[in-house]
There are 2 protein chains.
Amino acid sequence: MTSRTVASATPAAAAAAASVSVPLAVGSAPPPPPLAQQPSSSSDFAPFIPGFLHWVHVCNNGAAAAAAGEFLDLTVAGRTVGYLKADFAERLLQFPDVFQRSGSGSSGGSNGGSSGGVAVHPRLATQQQRTEAIAGVLQQLRAEGLIEGWRDELYPAVQSFHDEPAFLIERAAAPHFGIKAYGVHINGFVTLPDGSQELWVARRSRTKPTWPGKLDHIVAGGQPHGLSCQENVVKECEEEASVPEQLAVRAKAAGAVSYTSLQPAGLKRDVLYCYDLELPADFVPQPQDGEVEEFMRMPVHRVAEIVATTNEYKENCALVIIDWFMRHGYITPDMPGYLDLLRGLRSGDCS
Amino acid sequence: MTSRTVASATPAAAAAAASVSVPLAVGSAPPPPPLAQQPSSSSDFAPFIPGFLHWVHVCNNGAAAAAAGEFLDLTVAGRTVGYLKADFAERLLQFPDVFQRSGSGSSGGSNGGSSGGVAVHPRLATQQQRTEAIAGVLQQLRAEGLIEGWRDELYPAVQSFHDEPAFLIERAAAPHFGIKAYGVHINGFVTLPDGSQELWVARRSRTKPTWPGKLDHIVAGGQPHGLSCQENVVKECEEEASVPEQLAVRAKAAGAVSYTSLQPAGLKRDVLYCYDLELPADFVPQPQDGEVEEFMRMPVHRVAEIVATTNEYKENCALVIIDWFMRHGYITPDMPGYLDLLRGLRSGDCS
C-alpha cells in the first residue's frame with residue numbers, strides 16, 4: 001500500500017505531503033522510535049491544518065444538499081426523524097400501510113430546508129408497531145438488493161440521543177432513511193517516560209465490506225439500541241482489540257464530533273462520541289473478531305502527518321483523531337485555522 | 001459568604017443544591033480531603049447537568065436579541081466587525097468624520113439579522129487611521145462617562161481571530177462596539193496518587209471592579225493585540241498566580257468556548273481559549289497582582305457542585321470549567337443533556 005496525497009490538498013498540505021515518507025507496515029507494537037524523530041514542539045502541526053480541514057469538508061459533503069432541501073423529511077407523529085432521497089421515498093410510498101405522503105410545507109426539520117415528505121402511517125401508534133412494520137418493508141427491500149450489508153443490529157430513530165425512539169431499524173438501512181446514527185470511537189494512546197505520546201492505530205481487515213485496509217482507531221463501533229455507551233465501549237474493546245474490562249473502563253468520555261455525509265444510499269448523519277483510553281506502555285492490543293488486520297503504535301506527529309497528507313485513514317476516524325489533537329495541546333490557537341477546525345468537527349446535527 | 005442556589009434551577013439542580021454544604025473559605029492550599037469525600041464514579045455528575053445548562057443559557061442571553069436584529073451592524077469596508085445598540089450608534093454618528101450611516105439592507109453579518117447600520121468612514125483607509133480616529137472618539141465618550149472601566153489595553157476588531165484587524169480599540173469599549181473578544185482561560189489541576197483530581201480555584205479580589213469576590217480559574221486573561229496566546233498564557237500565569245514560566249509552558253491548548261452575552265453596554269461576543277495546566281501536587285499558586293484574594297484547591301466533584309448549584313462562580317468561567325469536566329470524563333454520553341451541553345458551550349460565533 002502506498003501513501004497517496006489528498007487530491008484537493010492545499011499548497012500547505014501539499015508541501016507537507018512532499019516531505020512525507022511513511023512506511024506504514026511496521027507490524028504490531030514496534031519499539032518506540034528514537035527521540036530524534038519526535039517533534040518537541042506542537043508548532044509542527046500548523047502545516048497539517050489545511051489537510052485536517054480537508055477531512056472536515058469531505059465528511060460534510062452532504063451538508064449543502066441537506067440545507068438546500070434535496071431530501072424529503074421522514075416524520076413520525078409530526079417529528080422529523082430522518083431524510084430520504086426522492087427515489088427511495090417513492091419506493092417507501094409503495095407500502096401504503098406503512099408510509100404515506102405528508103403535506104408539502106409541513107416540514108421544518110431543524111436540519112434542512114426540505115418541504116413535504118413521508119410520514120410513518122399514523123395507525124402505527126407505538127414504537128413496536130412501527131418497528132415491526134418497517135422491518136417487514138426492509139425485508140422486501142433487502143430481497144430486492146436495495147439494502148446491502150445487513151448487520152442484524154438495531155439503531156433507534158431519534159431526533160436526539162436520549163429521546164424515546166420513534167422506531168428501531170436495521171443499521172444497514174440507517175443512511176437510506178437518513179436516521180441519526182451514533183458511535184463510540186476510542187483513541188488508545190501511551191505516554192512515554194519523556195512525556196511524548198504515541199497513538200495505537202488499527203488497520204482494518206482487507207476482507208471487511210466497509211473501508212477495507214484503511215487505518216482506524218484502536219476500537220470503534222456503532223451505538224446499538226439497548227446498550228449504554230459505557231457498556232458498548234467495554235464490549236467493543238474486548239471484541240476488537242482484546243482490551244480487558246479493567247483497562248477498558250478507564251476510557252474517558254471526552255466529547256463528540258458530528259457530520260453530515262452524502263452517500264449513495266442517502267444522508268449519513270452521525271455523532272461519534274470520543275473516548276480517550278490511556279494505556280500502559282507494555283499493553284499490546286490483539287485482533288479478536290477479525291475486523292482488524294494489525295495494530296501499530298505510532299508517534300502522534302506521524303499519525304498527524306498520515307491524516308493530513310494521505311487518505312490512509314477511514315474518513316470519519318480522521319475527525320476523531322483531530323479532535324484528540326485539539327484536546328491534547330497539539331493544535332493551538334496561535335495556528336491559523338484553529339477555530340475553523342474546532343467548529344468544523346461538529347458541523348453536523350450534534351444532538 | 002453564603003452559598004446561594006440558582007434562582008431558575010431545575011428540580012434536579014435544586015435537589016442537588018439541597019444536599020450542598022460548602023464552606024468555601026478554606027484558605028490557601030488546604031490538605032487533600034479524606035478519600036471518603038471523593039466520589040468514585042462520574043455518574044455523580046448527572047444531577048448537575050441542568051445546573052450546568054443554566055450557565056450556558058445565562059452566558060448566551062444576548063443570542064436571541066442578536067438573531068432578531070436588535071443591533072446595528074458596524075462595518076469596515078463592507079465587512080461586519082461589530083454590533084451596536086441603537087442609541088450608541090446614534091452617538092457615534094455625531095462624529096461624521098469617523099462614522100457614517102451605511103445603507104439599510106446592506107447588512108448580512110453571519111451573526112445576526114440586523115439591517116443597515118454604521119460604517120467606519122471610508123476615508124479612513126488603513127488600520128492605523130481607523131485606530132487613531134476611533135481612539136479620539138473614545139476619549140470624548142470616556143470624558144462623558146459613557147465608557148467606563150478603562151483598561152489601556154487594545155483589542156483587535158476582527159471577524160475571526162487570525163484576520164488582519166480592521167482597527168484596534170480600547171478593551172473597555174469592546175462591548176459597546178460588539179467587537180469579538182478573545183481570552184485565555186486556564187484550568188489548573190492536580191492528580192492525586194489515587195487518581196482523583198482537584199482543581200485550583202481563585203477567589204477574585206473584593207476590590208476588583210468586575211465580578212468582585214467571585215470564584216475564578218487559577219489564571220485567566222483577555223487576549224490583547226500584539227501577544228500570541230502562548231505568550232499571554234505565560235504572562236498571565238506569572239502575573240496572577242506566580243506560576244513560573246517553566247510550569248506555565250506546560251499549559252495545553254484544549255479547545256474553546258464561545259457565547260453571546262447581553263450587557264448594559266451592548267453585545268459581548270467572546271471566544272475563550274481553554275487551557276489545561278496539570279500542576280505538581282506540591283505547587284501552591286500565590287496572588288501577585290492583587291486581582292486574586294485567595295487560591296483554594298478543591299476536589300473536582302465539589303467544584304462541580306458549586307458551579308451547578310450556586311452563583312459563586314464568575315459566569316463565563318463556569319463554561320470553561322464545564323468544558324474541562326466534559327473533556328476529562330466527568331460528564332458522559334449516557335447522561336441526559338450531554339450533547340445539549342457540548343453544543344451549548346460553543347453557542348457564540350466561534351471564529
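**Note on the sheets and the chain interface**

1. In chain A, strand E1 (residues 72-76) and strand E4 (residues 117-120) run parallel to each other and are joined by three bridges. Two strands are taken as paired if DSSP finds at least two bridges between them. Strands (E, at least two residues) and helices (H or I, at least four) are DSSP runs numbered from the N terminus. Within this pairing, A:Thr75 has A:Ala119 of E4(A) as its bridge partner.

2. On the basis of the coordinates: this is a predicted model, in which local features need pLDDT of at least 70 and side-chain atom pairs count only at pLDDT 80 or more, while totals for chains, interfaces and linings use all residues. Residues are numbered from 1 along each chain as its sequence is written, chains are lettered from A and ligands numbered from 1 in the order in which they are written, and side-chain values use heavy atoms, with hydrogens and water left out.

3. The chain A pairing belongs to an open sheet of four strands with mixed pairing, in the order E2-E1-E4-E3. Strand E2 (79-84) and strand E3 (99-102) of chain A are the edge strands, each pairing on one side only. From one strand to the next, the twist averages 35°; axes are lines fitted to C-alpha atoms, and angles run from 0 to 180 degrees between N-to-C directions.

4. Chain B also has a four-stranded open sheet, ordered E2-E1-E4-E3, with mixed pairing. Strand E2 (79-84) and strand E3 (99-102) of chain B each have a single partner strand, so one side of each is left without a neighbour in the sheet. Strand E1 (residues 72-76) of chain B pairs with E2(B) in the antiparallel sense over five bridges. There, B:Asp73 stands opposite B:Tyr83 of E2(B).

5. Turning to the interface, 32 residues of chain B are in contact with 32 residues of chain A, contact being heavy atoms within 4.5 Å. The two chains bury about 2500 Å² between them, 59% of it on carbon and sulfur atoms; buried area is the accessible area (1.4 Å probe) lost on being put together, summed over both parts.

6. Which elements give two or more residues to the side of chain B that touches chain A? They are helix H7 (229-241), strand E11 (252-262), strand E12 (267-278), helix H10 (315-327) and helix H11 (338-344) of chain B. E11(B) supplies the largest share, five residues.
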